[in-house]
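Please look over the model below before reading the notes. They are arranged by topic.

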Amino acid sequence: MKRFLSIATLGLASSLFITACNNSNETKTADEEVATPVQKKQMGDDDTGIAMAFYYQDSIATQFNFYREIDSILKVKETNFQKELEGKYRAYQAYEADIQKRMQANEITGYQIEEIQQTAIQKQQSIQQFEQQRGAALQRESMEYQTALMSKIAEAGKEFSDKKNIDLLFFYQKGGQITFINNAYDVTEVFIQFLNKREDELMSGFQEEVEENLNESAE
């Protein structure tokens, strides 16, 4: 059974966050990371520059604690679904084996065969219905978790950019739209530290938001 939606393959938010340029010097506070210089890319003939940076998406999936927690939650839900589905299939196979055994022992009369066939069809349809409905519900749930998580990362990305005076913050992944970025613009480590230090803040209200969206979509 294929996984419905692996969070490790999600396209985390849009490809960039645009924030207002702030030329004032930043004052360090206790919760801020070690200052990381952000390269300026000259645009035009004047002194105007744009501060650009990027982070590796794969690193977010493996090092951002909240991301990994959500991924674990979805994996547990998927595993439970697969176990329940497999249990239904095993129960049906046991039913078929019992019918076959009874037929070989001549314990089933001719007029009982039609009833047995109808029962078998109903059991098959019940399994198919469970697989389709529960599978679709799990997929919707995964999508809601994905959307809510992307929103949290987008909010954190804007805050991070404001603090670091970054005008353009990209994420990079192999096979994505960006072919190459100079490592001088890499702020992955600092951004992940920023995210992990704000894990409690990012988690606040997250589950309630997901459940609310699921209830709205079910109406």
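Predicted model: local features only at pLDDT ≥ 70, side-chain atom pairs only at ≥ 80, totals over all residues.

Residues are numbered from 1 along each chain as its sequence is written, and side-chain values use heavy atoms, with hydrogens and water left out.

**Chain**
- The chain contains 6 helices and 4 strands (DSSP runs, H or I of at least four residues for helices and E of at least two for strands, numbered from the N terminus).
- Their order along the sequence is β-β-β-α-α-α-β-α-α-α.
- Of the chain's 219 residues, 34% are buried (under 20% relative accessible area, 1.4 Å probe, protein chains only).
- Among contacts (heavy atoms within 4.5 Å) with a separation of 6 or more, 85% join residues 24 or more positions apart.

**Helix α3**
- Helix α3 covers residues 110–164, 55 residues in total.
- From first C-alpha to last, α3 reaches 81 Å, close to the expected 81 Å (1.5 Å times one less than its number of residues).

**Pairing of α2 and α3**
- The axes of α2 (residues 65–104) and α3 come within 11 Å and cross at roughly 175° (lines fitted to C-alpha atoms over the stretch in contact, with angles from 0 to 180 degrees between N-to-C directions).
- The two helices are therefore roughly antiparallel (over 145 degrees).
- Residues of the α2 contact with α3 comprise 19 nonpolar, 4 polar and 8 charged (Ala, Val, Leu, Ile, Met, Phe, Trp, Tyr, Cys and Pro count as nonpolar, Asp, Glu, Lys and Arg as charged, and the others, Gly among them, as polar).

Technical notes
Parallel < 35°, antiparallel > 145°, perpendicular 65-115°, else oblique. Buried < 20%, exposed > 50% of the residue type's maximum accessible area, 1.4 Å probe, protein only.
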